[in-house]
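Hi,

Here is the structure for you to look over. My notes follow below it.

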Amino acid sequence: MEYILSPSILSADFARLGEDVKKAADAGAQWIHIDVMDGAFVPNISLGFPVIKSLRKETDKVFDVHLMIEEPGRYIEEFVESGADLITLHAESAKHLHRAIQQVKAAGCKVGVSLNPATPLCALEHILDEIDMVLIMTVNPGYGGQAYIDAMDQKIRNLRKMADERGLDLDIEVDGGVTADNIGHIKECGANIFVAGSAAFNGDIEANVKKLLKAMEE
Ligand code: DX5
Ligand code: ZN
């Protein structure tokens, strides 16, 4: 199983976004997590296509695009054209989730499905075989810097079991409240891709990323 750190640019300095992302990439982060929020699905607005397009010129790292927007199917092609390598859709945001998944695949992109903390794993039952990754939200989406919800430990464990039972080599990403102190525990629960926003970008980015990678690899 491959273990990946995906720093979330939501906590970066948007006036120095290119530099901040390069620092995280140079320190060894494998992916870059890009949070798109529309002020409707979540109570915050973040960034959109122009920012992703500009950032695409700065790094070759995998762009892990987390769509927290209503009816994401409306914009799939534009996100792919902007530079997304992996697009994650929220199960709660698409009336026709199965169709939206097919749209991402048809656009030549890897696809993930995310679940809010209150959404049960059974939402994945009929689509799990269709997707590359599940993103388990371990905070309620919308903001960086919130505390990890401990009840999500069991959800991650149950999802790994569900994937194993189906013989799927599923990527399980965890997003929200990930720090160097809990990343080892989250890995032990069965996750293999770790998003970190405030723990990566607040303060010394290089030192933070190295610390997170070290704790992840232990
Ligand atoms: C929250 C976003 C996260 C956020 C995580 O809605 O999806 O990616 O940046 O921030 P931290 O790591 O600070 O909890
Ligand atoms: Zn995110």
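This is a predicted model: local features need pLDDT of at least 70, side-chain atom pairs count only at pLDDT 80 or more; totals for chains, interfaces and linings use all residues.

Ligand 1 has 21 residues around it, the closest being Ser8, Pro141, Gly144, Gly197 and Ser198. A residue is near a molecule here if its C-beta atom, placed from the backbone, lies within 6 Å of it. Strand β2 (31-37), strand β8 (193-196) and helix α7 (198-201) are the elements that give two or more residues to this shell. Helices (H or I, at least four residues) and strands (E, at least two) are DSSP runs, numbered from the N terminus. By type, the shell holds 7 nonpolar, 12 polar and 2 charged residues.

Residues are numbered from 1 along each chain as its sequence is written, while chains are lettered from A and ligands numbered from 1 in the order in which they are written.

Confidence next. The average pLDDT of the chain is 98, and 100% of the residues score at least 70. pLDDT is the predictor's confidence in each residue, from 0 to 100. For the complex, the predictor gives an ipTM of 0.99 and a pTM of 0.98.

Now the annotated sites. An unreviewed UniProt entry lists His33, Asp35, His66 and Asp175 under "binding site". These four are spread over 143 residues of sequence, yet they cluster in space, with a largest C-alpha distance of 10.6 Å. UniProt positions are given in the numbering used here, feature names are shortened, and annotations may be inferred rather than shown by experiment.

His33 sits in strand β2. His33 counts as buried because it has 28 C-beta neighbours inside 10 Å. The cut-offs: buried means 20 or more other C-beta atoms within 10 Å of the residue's own, exposed means 12 or fewer, and partly exposed is in between, with C-beta atoms placed from the backbone. Beyond four places in sequence, His33 touches Ser6, Pro7, Ser8, Ile9, Asp64, His66 and Val195. Contact means C-beta atoms, placed from the backbone, within 7 Å.

Asp35 is also in strand β2. Its count is 25 C-beta neighbours inside 10 Å, so Asp35 is buried. Leaving aside neighbours within four places in sequence, Asp35 contacts Ser8, Leu10, Ser46, His66 and Met68.

The "binding site" annotation (unreviewed entry) also covers residues including Ser8, Tyr143, Gly144, Gly197 and Ser198. Tyr143 is in the loop between β6 (133-137) and α5 (152-165). It has 18 C-beta neighbours inside 10 Å, so Tyr143 is partly exposed. Ser198 belongs to helix α7. Ser198 is partly exposed because 18 other C-beta atoms lie within 10 Å. Not counting residues up to four places away, Ser198 touches Ser11, Gly144 and Gly145.

Last, the overall fold. The chain has 8 helices and 8 strands. Its C-alpha trace spans about 40 × 35 × 30 Å along the principal axes. Of the 218 residues, 45% are buried. Among contacts between residues at least 6 apart in sequence, 64% join residues at least 24 apart.

Regards

Technical notes:
Ala, Val, Leu, Ile, Met, Phe, Trp, Tyr, Cys and Pro count as nonpolar, Asp, Glu, Lys and Arg as charged, and the others, Gly among them, as polar. Two residues are in contact if their C-beta atoms, placed from the backbone, lie within 7 Å.
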